[in-house]
Amino acid sequence: MIIEKMIYDNLPKSDRTIRSTIMDDKPDIYNTLNENFIRALNEIAKFQPQYLQSVSNLQLDFIQTTKNMIQNIISAQKQMASNNNSSNRFWNISALSLPIPYLEQFATQLNEFTSNTIRVSNLNNQFTITILDAIRENLNIYNRATDELSKYNTNMVKAWNSFFAAKQY
């Protein structure tokens with residue numbers, strides 16, 4: 001307060017009115033800042049469910065599109081191969097004329113590969129969910145820590161203020 005008074009006294013008269021207005025409005029400025037930040041975050045939070053739903057819808061549409069693409073490609077290849085077996089040799093694709101044990105082995109390996117890929121995907125999803133839960137818990141810890149730090153700073157300021165108030169008397 002003494003330092004502020006010295007600075008205020010040394011300011012030109014045109015700046016003194018501005019400075020005194022700022023000094024008088026400090027509590028209102030802090031409240032205004034707080035209210036505006038909270039209001040802005042609340043507005044952002046309103047759209048979070050919509051964003052989440054939009055992302056979810058996009059993922060489902062992507063999955064459905066991928067399924068359709070796979071089915072259409074395999075159907076087209078099957079059609080081309082069956083046309084090749086007939087008199088129409090336009091596509092020039094040879095029919096699969098592999099021995100049955102090779103086809104069975106290929107089908108078995110493909111099933112194992114798919115099962116392993118699904119297991120890895122499930123593990124990855126569980127890992128990702130665990131990480132997101134840990135991040136969320138860390139945010140809660142950080143939030144509690146900032147609350148405690150704020151309380152500590154408030155108590156420290158009160159202690160210094162009472163110390164300086166006692167010194168002035």
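**Reading the labels**

Tutor: Confidence in the protein chain is lowest in helix H1 (residues 2–10), with a mean of 49, and highest in helix H3 (residues 100–168), with a mean of 93; this confidence, pLDDT, is the predictor's own for each residue, on a scale from 0 to 100. The model is a predicted one, in which local features need pLDDT of at least 70 and side-chain atom pairs count only at pLDDT 80 or more, while totals for chains, interfaces and linings use all residues. Residues are numbered from 1 along each chain as its sequence is written, and side-chain values use heavy atoms, with hydrogens and water left out.

Student: What is the pattern of the protein chain, read along the sequence?

Tutor: The pattern is α-α-α, with three helices and zero strands; helices (H or I, at least four residues) and strands (E, at least two) are DSSP runs, numbered from the N terminus.

Student: Why is Tyr 152 called exposed?

Tutor: Exposed means over 50% relative accessible area, buried under 20%, and partly exposed in between (1.4 Å probe, protein chains only). Tyr 152, which lies in helix H3, has 52% relative accessibility and therefore counts as exposed.

Student: What makes Trp 160 partly exposed?

Tutor: Its relative accessible area is 47%, so Trp 160 is partly exposed. Phe 163, at 42%, is partly exposed, and Phe 164, at 45%, counts as partly exposed.

Student: Why is the pair of Trp 160 and Phe 163 called edge-to-face?

Tutor: A search of the whole structure finds three aromatic pairs. The rings of Trp 160 and Phe 163 have centres 5.9 Å apart and planes at 90°, so this pair is edge-to-face. The rule is that rings of Phe, Tyr and Trp (its six-membered ring) pair if their centres lie within 6.5 Å, and planes under 30 degrees apart count as stacked, over 60 as edge-to-face and the rest as tilted. Both residues lie in helix H3, three residues apart, which is about one turn of the helix.

Student: What kind of aromatic pair do Trp 160 and Phe 164 form?

Tutor: Trp 160 and Phe 164 form a stacked pair, with 5.6 Å from centre to centre and 25° between the planes. They are four residues apart in helix H3 and so are separated by about one helical turn.

Student: Which residues form one aromatic cluster?

Tutor: Trp 160, Phe 163 and Phe 164 form that cluster.
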